[in-house]
Amino acid sequence: MNATPEHGLPRRTVAAALVAAPALWLGARAQPAAARLATPSQTEGPFYPVRLPQDSDNDLLRNGTLNYRRGQPAWVDGTVTDLDGKPLRGAQVEIWQCDENGHYHHPGDGDRADAAFQGFGRVAVGEDGSWRFRTIRPVAYSGRTPHIHVKVKLGTRELLTTQLYVAGDPGNARDFLWRNLPQAAKDAVTVPFERGPDGLQARFPIVVAA
Ligand code: FE
């Protein structure tokens, strides 16, 4: 007992620091909400659908009557909030991505995507700003690290176009878009795909200047 205070700090200082720590933490949480960073935008890329698919709900693994059974199924969910942290009511979130073979439903990609993969989905956020998609963990294709394209709309206004990346994917560092992002932007658009009770799950909190 009476252990020597670590790092040679007088014991009183250590005690004071322990008392002060929660206050500092609360202080950080209570900082002006405007300090929230807007999710950085990224290029739309060439494969936003020319025609929206007839089935464009939030389940990309079921296209019409077809079920997509390739790839790693994943839930991708999140929120849309404004810079004050308030849910952005009425917002719509769209995602689009390539199938497990790296193909988009797009003439620019030869319309080669698997017919069972919906490839695009749109959902209105809930009262609390939440949204959710059923899709696959994104895969790499010609020169790109795995990513999911994301758009946020409010009515006809496009508030944000960005891309979501997989934390820890070895392709990220080689990706010409990802590697040129400042660290804070990388952190904002790169999220883990982790095993949870419902399978693979990724959570993407989106912040927009409304
Ligand atoms: Fe893409």
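Before anything else, my rule for a charge over a ring: NZ of Lys or CZ of Arg has to be within 6 Å of the ring centre and within 35 degrees of the ring normal. Also a reminder to myself that this is a predicted model.

Entry 1, charges over rings. I looked up R132 and found it over the face of W75, 3.8 Å from the ring centre. Then I checked K151, which lies over the face of Y48 at 5.1 Å from the ring centre.

How many aromatic pairs does the count come to? I get seven aromatic pairs. I started with Y48 and F120: the ring centres are 6.0 Å apart and the planes sit at 90°, so I logged the pair as edge-to-face, the cut-off being over 60 degrees. This pair links distant parts of the chain, 72 residues apart. Y48 is in the loop between α1 (11-29) and β1 (62-63), while F120 is in strand β5 (residues 120-124). Are Y48 and F120 buried or exposed? Both are buried.

W131 and F133 have ring centres 5.8 Å apart, and with their planes at 55° I put the pair down as tilted. W131 has 4% relative accessibility, so I count it as buried. F133 is buried too, with a relative accessible area of 0%.

Which residues do ring pairs link into a cluster? I wrote down F47, Y104 and Y141.

Definitions and conventions. Residues numbered from 1 in each chain as written. Predicted model: local features only at pLDDT ≥ 70, side-chain atom pairs only at ≥ 80, totals over all residues. Heavy atoms only, no water. Phe/Tyr/Trp six-rings, centres within 6.5 Å; stacked < 30°, edge-to-face > 60°. Helix = DSSP H or I, 4+ residues; strand = E, 2+ residues; numbered from the N terminus. Buried < 20%, exposed > 50% of the residue type's maximum accessible area, 1.4 Å probe, protein only.
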